[in-house]
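Please open the structure in your viewer and keep the sequence panel beside it.

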Amino acid sequence: MMYYSMYGHVEKLAEEIKKGASTVEGVEAKMWQVPETLPEEVLGKMGAPPKSDVPIITPNELAEADGIIFGFPTRFGMMAAQFKAFLDATGGLWRAQQLAGKPAGIFYSTGSQGGGQETTPLTAITQLVHHGMIFVPIGYTFGAGMFEMEKVKGGSPYGAGTYAGDGSRFPSEIELEQAFHQGKYFAGIAKKFKSSS
C-alpha cells in the first residue's frame with residue numbers, strides 16, 4: 001500500500017492494513033510513502049513530526065504491485081495535495097494503462113465527522129477510474145463494527161478511516177481493527193485476481 005501521512009494518523013492505519021494483508025497466505029504486503037512536497041521549515045512550523053523510514057515510492061513501482069491500497073489525510077474533503085501530486089506524476093503509467101485491471105482500495109483520516117469521511121474516498125475514485133483500476137470497497141464486511149454508535153469511529157463502506165480531531169486523537173482500537181480487516185479483505189480479493197489472470 002502507499003500513503004501520505006503528515007502527523008502519523010494515516011501511517012497508523014497503514015501499519016494495521018499491512019498486518020491484515022500479511023495474514024493472507026501467499027500475499028506479500030509492502031508499505032510505501034509518497035514524497036513530501038513541503039519544505040522542512042514549513043513542516044516544522046506546522047508541528048509535523050519527522051517522517052518514518054518507510055521507503056518513498058516512485059510511480060514506476062506502482063506497476064509492480066498486484067493491488068494497491070491508497071491512504072491519505074483529507075484537505076477540504078479531498079485527498080491531500082502531496083498525494084495528488086504523486087498521482088499527477090503517473091501519466092506514463094496511464095498512457096500505457098499499466099495499472100488497468102489492478103484492484104485498488106482507499107483509506108483516510110479526517111479532522112472531524114463532517115470533514116470528509118465519505119467525500120474524500122468518493123472524490124479519490126476518479127483517480128482510479130482514469131487508470132482503469134478496479135475499486136474494492138470494504139462495504140459492510142466489517143460486520144457489527146460498521147454500526148458502532150457508542151464510540152467515535154471513522155471509516156465507511158469505502159474503506160477504513162479515523163478522526164484526527166485537532167491532531168491529538170489517534171486511531172482508536174475499533175478503527176485499527178477496521179484497518180486490519182480492510183487489509184485482510186483486500187489481500188484476499190487481490191489474490192483471487194492474481195490467480196485468475
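What follows is a walk through strands, helices, salt bridges and a surface patch.

Before selecting anything, bear in mind that this is a predicted model, in which local features need pLDDT of at least 70 and side-chain atom pairs count only at pLDDT 80 or more, while totals for chains, interfaces and linings use all residues. Residues are numbered from 1 along each chain as its sequence is written, and side-chain values use heavy atoms, with hydrogens and water left out.

**First stop: strand β3**

Select β3, residues 68–75, remembering that helices (H or I, at least four residues) and strands (E, at least two) are DSSP runs numbered from the N terminus. Of the 8 residues in β3, 7 are buried, where buried means under 20% relative accessible area, exposed means over 50%, and partly exposed lies in between (1.4 Å probe, protein chains only).

Strand β4, residues 78–79, runs antiparallel to β3 and is joined to it by 2 bridges, with R75 standing opposite M78.

What lies between β3 and β4? The two strands form a hairpin with 2 residues between them, and F76 in the turn has a positive phi of about 55°. F76 is not a glycine, and its relative accessible area of 85% means that it counts as exposed.

**Second stop: helix α7**

Select residues 173–196, the 24 residues of helix α7, which at 1.5 Å a residue should span 34 Å; the end C-alpha atoms are 35 Å apart, which agrees. The expected span is 1.5 Å times one less than the number of residues in the helix. Among the buried residues of α7 are I174, E175, Q178, H181, F186 and I189.

A salt bridge here is a side-chain nitrogen of Lys or Arg within 4 Å of a carboxyl oxygen of Asp or Glu.

How many salt bridges does the structure hold? There are 6, and one of them joins the side chains of E36 and K51 at 3.1 Å, N to O. This pair links distant parts of the chain, 15 residues apart, with E36 in the loop between β2 (32–33) and α2 (40–45), and K51 in the loop between α2 and α3 (59–62). E36 is partly exposed at 23% relative accessibility, and K51 is partly exposed at 33%.

Next select D88 and K84, whose closest N and O atoms are 2.5 Å apart in another salt bridge. Both lie in helix α4, residues 81–88, and are 4 residues apart, about one turn of the helix. An α-helix has 3.6 residues a turn, so residues three or four places apart point the same way.

Select residues 119–131, helix α6, in which T120, P121, A124, I125, Q127, L128 and H131 are buried. What covers these buried residues includes β3, β4, α4, α5 (91–96), β5 and β6 (134–135). Just after α6, G132 takes a positive phi of about 75°. Another positive phi, about 50°, belongs to Q97, which is not a glycine and is placed in the loop between α5 and β5.

**Last stop: a surface patch**

Finally, show Y7, V42 and M46 together, which form a nonpolar patch on the surface with about 220 Å² of accessible area together. Such a patch is made of residues with over 30% relative accessible area and no salt bridge, with nonpolar side chains (Val, Leu, Ile, Met, Phe, Trp, Tyr) joined within 5 Å and like charges within 9 Å, and accessible areas come from the Shrake-Rupley method with a 1.4 Å probe, only the protein chains shown counting as cover for residues. Y7 lies in the loop between β1 and α1, and at 32% relative accessibility Y7 counts as partly exposed.

Key
Contact = heavy atoms within 4.5 Å. Pairing = 2+ DSSP bridges.
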